[in-house]
Amino acid sequence: MATETAYSTTLNPETIRRDFPILQQKIHGKPLIYLDNGATTQKPVEVIEAMNQYYREDNSNVHRGIHTLSNRATEAFEQARDTVAQFLHAPCREEIIFTKGTTEAINLVARTWAEQNLKAGDVILLTEMEHHSNLVPWQLLAQRKGLVIRYVPVLDDEGILTTEQVAEMLTPEVKFFAFTHISNTLGVVNPAREFCALARERGIVTLVDGAQSAGHMAVDLNDMRPDFFVFSGHKTAGPTGVGVLYGRYELLEQMPPFHGGGEMIDRVSFERVTFKKPPHKFEAGTPSIAEVIGLGASLKYLSNIGMDRIFSHDHELAAYADKHLRSLPGIRVLGPRTNRAGLVSFHFENVHAHDLVTFADMDGIALRGGHHCTQPLMEKLGLHSTARASFYLYNTKEEIDHLLENLQKTLSFFAS
Ligand code: C6P
């Protein structure tokens, strides 16, 4: 196997790896090769330290106290909101709502904006490549309210969706269009700006699922102009338990609250309640303070490296893996041949994905195997599961070479 170790980008994964303590370990006696970044990414020292510092020095509740610790915690928490707004190029900081993650953010929109604005017979447009998080909340809502769901079809293993396909399906009955920015199973990057423009021209509200994109490419909401954009902190080198809902302020102002409780109210009497303005209207109760601070630190870390450089690096690794994987006998590789985001899903006729993942683990390699929470897409493609290698800024081509060697060993084992 030829190793083409040079990188066309200026990002040096060998230096970056030093920032990630978890990568310095061995699994089954072999150096850890972490290729499950689509599920969750590893955390740099900066993030661990930021959370550590909060608990060691500033731990207190936010927005409530007048004492010094509470003021410090509130300041750090609200600074993280500024960092998120800057990171996404959001028009204003009040449009950034902290949630538990992508899943909660989508459920928030389903239970508030969509609950209030969609009526029986209205159509929600999704795509066939959506993660269950961007399917199930809409199916639950459709059942409750008599809505119709239509899906932009995935036509082949490459899975590229075109603006022509989308334009054709954005008919007058469609009131809402939700789609993933990057498919977690195919690695397709959808043209979010173009899809949002098509919907906007027709007065259709959009939600972009940025779970796989926010940590991997430059996102400019001023340019993309979605109505809602969501992502999870744990996939952007940040902690679990925190995510973001960006919502256009005009919509947020009109939406009813999601959860009721402390923090989100203006005044409460025994008879009635009035609410704070966004974003606080949607942040009931004590938030995940350390996690929000950790998220801010992760976005600063990524920004300092440069999102365009990270995307190029991820893409280069995925293109390298794609090219070499395709030379393995009996393999079926999903996703586009060009412009692939940093992940590759693949399937072998005679070896189950769970066996591939188990054998990879024996060599210290972390892959994901299964349906990747995209069961309808799998069914459409006639598959039950695939193995998936997903890359990030600390991964190297040498690691992919190890994966290829490991897969060859596994194939030989099952062939004998
Ligand atoms: N995909 C994967 O291994 P949460 O769990 O809320 O942080 O993210 C959900 C989610 C939503 N949309 C997309 C496109 C996603 O990829 C994910 C999470 C992980 O692919 C876990 S199934």
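Here is a friendly conversation about the domains, the ligand site and some local features of this predicted model.

Student: Before we start, what should I know about numbering and confidence in this predicted model?
Tutor: Residues are numbered from 1 along each chain as its sequence is written, and side-chain values use heavy atoms, with hydrogens and water left out. Totals for chains, interfaces and linings use all residues, while side-chain atom pairs count only at pLDDT 80 or more and local features need pLDDT of at least 70.

Student: How far apart are the centres of domain 1 and domain 2?
Tutor: Domain bounds come from an automatic or database domain assignment. Domain 1 covers 13-36 + 306-415, and domain 2 covers 48-304. Taken over C-alpha atoms, their centres are separated by 28 Å.

Student: How much area is buried between domain 1 and domain 2?
Tutor: Contact here means heavy atoms within 4.5 Å, and 35 residues from domain 1 meet 35 residues from domain 2. Buried area is the accessible area (1.4 Å probe) that two parts lose on being put together, summed over both. Carbon and sulfur atoms give 58% of the total, which is about 2,600 Å².

Student: Which residues of domain 1 lose the most area to domain 2?
Tutor: Three residues together account for 23% of what the domain 1 side buries. They are Met307, Leu377 and Tyr392.

Student: What is the N to O distance in the salt bridge of Glu128 with Lys380?
Tutor: A salt bridge is a side-chain nitrogen of Lys or Arg within 4 Å of a carboxyl oxygen of Asp or Glu. The structure holds 24 of them, and two cross the interface of domain 1 and domain 2. For Glu128 and Lys380, the closest N and O atoms are apart by 2.7 Å.

Student: How many residues apart in the chain are Glu263 and Arg64?
Tutor: Their side chains meet in a salt bridge at 3.7 Å, N to O. Glu263 lies in the loop between α9 (249-254) and β11 (265-268), and Arg64 in the loop between α2 (45-58) and α3 (68-88). Helices (H or I, at least four residues) and strands (E, at least two) are DSSP runs, numbered from the N terminus. The pair links distant parts of the chain, with a separation of 199 residues.

Student: How far is an oxygen atom of the ligand from an N or O atom in the side chain of His234?
Tutor: There are 17 residues around the ligand (a heavy atom within 4 Å), and Thr103, Asp209, Gln212, Ser232 and Arg368 come nearest. For the side chain of Arg388, the distance from an N or O atom to a ligand oxygen is 2.8 Å. For His234, the corresponding distance is 2.7 Å.

Student: Which peptide bond is cis, with omega near 5°?
Tutor: Most residues other than glycine have a negative phi, and most peptide bonds are trans. Pro279 sits in the loop between β12 (273-275) and α10 (289-305). The cis bond runs from Pro278 to Pro279.

Terms used
Polar contact = N/O pair within 3.5 Å; in protein donor to acceptor, adjacent residues only side chain to side chain.
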